[in-house]
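User: I would like a close look at one part of this model. Please keep the answer connected and give the cut-offs as you go.

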Amino acid sequence: MRLRNVKYAKDLIRAYPQMLITQPKKLRGRWNEQFSKSQPIFVEIGCGKGKFIYEMAIMHPNKNFIGIEKFDSVIVRALEKLIENPLPNLILVRMDATEITEVFHPGEVDQLYLNFSDPWPKKRHAKRRLTSPRFLNRYQSILKNNALIQMKTDNYPLFEYSMMMFNQHTQYDVLSTLIDLYRHDVSMNIQTEFEKKFVEEGHAIYLLKIIFKGETNEKVL
């Protein structure tokens, strides 16, 4: 995907250091201190322009949300939403997902969202996929026992690959799969920018819900 340069992005990011964190490693283990209330932490990796994470934060004021994105010219659009209408339970973070274990303490994250991640279709790039074994190992280092992971994609090969990776990993169980999300009740579904575009173009949307069992091996009721 070719990104459009936003000339003022760096200046705007520097102007709002409490809304958009650029040095997140300093806050490892102390994320709830950055919010007005200590609440369960829900993280979206690759929040893009922020539509999903912003609307989730509005819908669930009893949870704290962190939107992660590595590109200035993308995350600045999410920041603009937050500047226009600040939310006490939403923080944006500019970072690369490969550093996630350096940013979150073990057991600090209650739920993880992977929305329309880059499918990296070439076999030699498979390790870059956010559901590759190396990323699943990173997630288990930050998730609480019985934490949930929710993934949405319009890319069936990525959906199939992800199911296989989660099924092969001993610490994860696939709770549910939907081959075409929009053939089901979507009244509680919040779209991302990509999702809205893909649905309008007639693409099927695939959904995975996974539980991280941790060491307890307990099931979610």
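Which residue's side chain meets that of Asp-72 in a salt bridge, and at what N to O distance?

Analyst: This is a predicted model, where local features need pLDDT of at least 70, side-chain atom pairs count only at pLDDT 80 or more, and totals for chains, interfaces and linings use all residues. Residues are numbered from 1 along each chain as its sequence is written, and side-chain values use heavy atoms, with hydrogens and water left out.

The partner is Lys-10, at 2.7 Å from N to O. A salt bridge here is a side-chain nitrogen of Lys or Arg within 4 Å of a carboxyl oxygen of Asp or Glu. Asp-72 sits in helix α3 (residues 72-84) and Lys-10 in helix α1 (residues 9-15), so the contact ties together parts 62 residues apart in sequence. Helices (H or I, at least four residues) and strands (E, at least two) are DSSP runs, numbered from the N terminus.

Asp-72 is buried, at 13% relative accessible area. Buried means under 20%, exposed over 50%, and partly exposed in between (1.4 Å probe, protein chains only).

Asp-72 also pairs with Arg-94, whose closest N and O atoms are 3.2 Å apart. That pair links distant parts of the chain: Arg-94 is in strand β4, Asp-72 in helix α3, 22 residues apart. Arg-94 is partly exposed, at 27%. Through shared partners, Lys-10, Asp-72 and Arg-94 join into one network of salt bridges.

The whole structure holds 16 salt bridges. Among them is Glu-99 with Lys-25, at 3.4 Å from N to O. These two residues lie in loops, 74 residues apart. Glu-99 is partly exposed at 29%, and Lys-25 is partly exposed at 41%.
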